[in-house]
Amino acid sequence: MRKLMILGAGISQVPLIKTAKEMGLYVVLLSRQGNYPGFSLADKVYYEDTTNVDKIVEIARIEQIDGICTTGTDVAVKSIGKVVDVLGLSGLSYESSQLSTNKWEMKKAFMEHGVRTSKFLKVESKEEAYRAFEVLSPPLIFKALDSGASRGIVKVVDVSQADYAFEEVRKVTKLDYFIAEEFIEGTEFGAQAFVYDNEIQFIMPHGDTMFYGDAGVPIGHYVPYYLSNEVVEDIHNQIEQSIRALCLNNCAINADFILKDQKVYVLEIGGRAGATCLPELVSTFYGFNYYEQMIKAAIHMDPVFHKQTSQPCACELLIAEKSGEIVKLENGNESHEDIIQISFDYEIGETISKFKVGTDRIGQVIIKGAHLEEVLKRLEKVMENIKVTVS
Ligand SMILES: Nc1ncnc2c1ncn2[C@@H]1O[C@H](COP(=O)(O)OP(=O)(O)O)[C@@H](O)[C@H]1O
Ligand SMILES: [Mg+2]
């Protein structure tokens, strides 16, 4: 029986674990301890910090795994790169994992390879934070390099907010520096893609529904995302250059973009699939099981990214307006063939947080339909019929 190691046991990894089991694989799951839903689904569990690169390599060796995979988060990507290199598996390299999980290294590589990205500089002290307002054109955005899900990402309109933003980023990052970059006023969107055997297998641009707190947090996505041919070509070029810049291969790609004046700016690129139901949207839109192809790519089993349809679909996270204990969960929606999924991450009696960052999600809804307009209308209605009451 082939062995697949999956890093992370959270809500984003659950469908990946389930798919691996359906494919008849033996799943070795690694995650730090916690109330994570993936643990009960795996064949074997190791309670380890998935950022502990050496430990993960040691376990991968002991288990003699055939492949390693994650989805929805950058947290474990460096460990994947290392295991891939040391054990000679299929996946992104360690170098690539380092470049794609540190926004400073990433942006430097982007500049060297002509990827369009906003101007930026490194900040190591408060003085440098103030100086950023002289060198760059505000508003700026201060960014922790080693986080995700919009944690440690703070928009700063002018220098008077620099102290606050500096402290906010420092609270999140484990590093002693971060970056300040120019804020791009435009439309945020993204793309899912896959590069296998050094060839781009597909690029699926998607619209993003944003929630605005300290910075933007994507809470929903939809496809197709209608763009002019020029912009589609630009996306292709930016992704191709980014792949070169970050040496990405044999991995999923999660791209964050901003469109301004019909030009695509790359915010960041991850060497793994996106969270927030994005793999489900790829599967629904193209008509192949994306999780299955990710797994096949990881165990050298000839993944096939055969686009059979272009089925309009959308998803949105369920989020809470205030923190507290759930006292009531109501879903007033009748089942319908176009409602692909309505799921809650929590049960009555559990405590949830007021939504600030992506990981505060409390559930998700996925809808399909004949036209995008119809999909978005149905999504809105379905969302209205779901009520979560907290004490
Ligand atoms: N240069 C920028 N201009 C405008 N908005 C930005 C910029 N950088 C980040 N953002 C906003 O902050 C969010 C998070 O930033 P991102 O670099 O993607 O980090 P994360 O790893 O948290 O996803 C983005 O989705 C976007 O809404
Ligand atoms: Mg992002």
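Modeller: Domain bounds in what follows come from an automatic or database domain assignment. This is a predicted model, in which local features need pLDDT of at least 70 and side-chain atom pairs count only at pLDDT 80 or more, whereas totals for chains, interfaces and linings use all residues. Residues are numbered from 1 along each chain as its sequence is written, chains are lettered from A and ligands numbered from 1 in the order in which they are written, and side-chain values use heavy atoms, with hydrogens and water left out.

Biologist: Why can one say that ligand 1 lies between two domains, and which domains are they?

Modeller: Domain 2 (119–182) and domain 3 (187–298) both give residues to the shell around ligand 1, and therefore the ligand lies between them.

Biologist: How many residues surround ligand 1, and which are the closest?

Modeller: A residue belongs to the surroundings if one of its heavy atoms lies within 4 Å of the ligand, and 20 residues surround ligand 1, the closest being Lys103, Lys143, Ser150, Glu181 and Glu188. By class, the shell divides into nine nonpolar, four polar and seven charged residues, where Ala, Val, Leu, Ile, Met, Phe, Trp, Tyr, Cys and Pro count as nonpolar, Asp, Glu, Lys and Arg as charged, and the others, Gly among them, as polar.

Biologist: What makes the approach of Glu188 to ligand 1 a polar contact?

Modeller: A polar contact is a pair of N or O atoms within 3.5 Å; within protein, one must be able to donate a hydrogen and the other to accept it, and residues adjacent in sequence count only if both atoms are side-chain atoms. A polar side-chain atom of Glu188 lies 2.4 Å from an oxygen atom of ligand 1, and a polar side-chain atom of Lys143 lies 2.6 Å from an oxygen atom of the ligand. A polar backbone atom of Glu182 is 3.0 Å from a nitrogen atom of ligand 1. Taken alone, ligand 1 exposes 540 Å², of which the protein buries 95%, with areas from the Shrake-Rupley method and a 1.4 Å probe; for residues, only the protein chains shown count as cover. Strands E6 (140–143), E8 (178–182), E12 (251–260) and E13 (263–270) are the elements that give two or more residues to the shell; helices (H or I, at least four residues) and strands (E, at least two) are DSSP runs, numbered from the N terminus.

Biologist: Which residues coordinate the magnesium ion, and at what distance?

Modeller: Asp256 (OD) and Glu268 (OE) coordinate the magnesium ion, ligand 2, at 1.9 Å; donors are N, O and S atoms within 2.8 Å of the metal (3.2 Å for Na, K and Ca), and sites may look incomplete because water is not among the atoms. Asp256 lies in strand E12 and Glu268 in strand E13, so the pair ties together parts that are 12 residues apart in sequence. Both Asp256 and Glu268 are buried, which here means under 20% relative accessible area, with exposed over 50% and partly exposed in between (1.4 Å probe, protein chains only).

Biologist: How do you know whether Gln13 is buried or exposed?

Modeller: Gln13 has a relative accessible area of 5% and therefore counts as buried. The residue is found in the loop between strand E1 (3–7) and helix H1 (14–22), and a polar atom of its side chain lies 2.8 Å from the backbone oxygen of Thr71.

Biologist: What makes helix H9 largely enclosed by the rest of the structure?

Modeller: Nine of the nine residues of helix H9 (residues 278–286) are buried, so the helix is largely enclosed by the rest of the structure. One of them is Phe285, with a relative accessible area of 10%, and its C-alpha atom is separated by 8.0 Å from that of Pro224, 61 residues apart along the chain. Pro224 itself lies in the loop between strand E11 (216–223) and helix H8 (229–246), and the peptide bond from Val223 to Pro224 is cis, with omega near 0°.

Biologist: Which class do Cys247 and Asp261 fall into, buried, partly exposed or exposed?

Modeller: Cys247, at a relative accessible area of 36%, is partly exposed, whereas Asp261, at 64%, is exposed. Cys247 is placed in the loop between H8 and E12 and has a positive phi of about 55° although it is not a glycine; Asp261 lies in the loop between E12 and E13, and its phi is positive at about 50°, although Asp261 is not a glycine.
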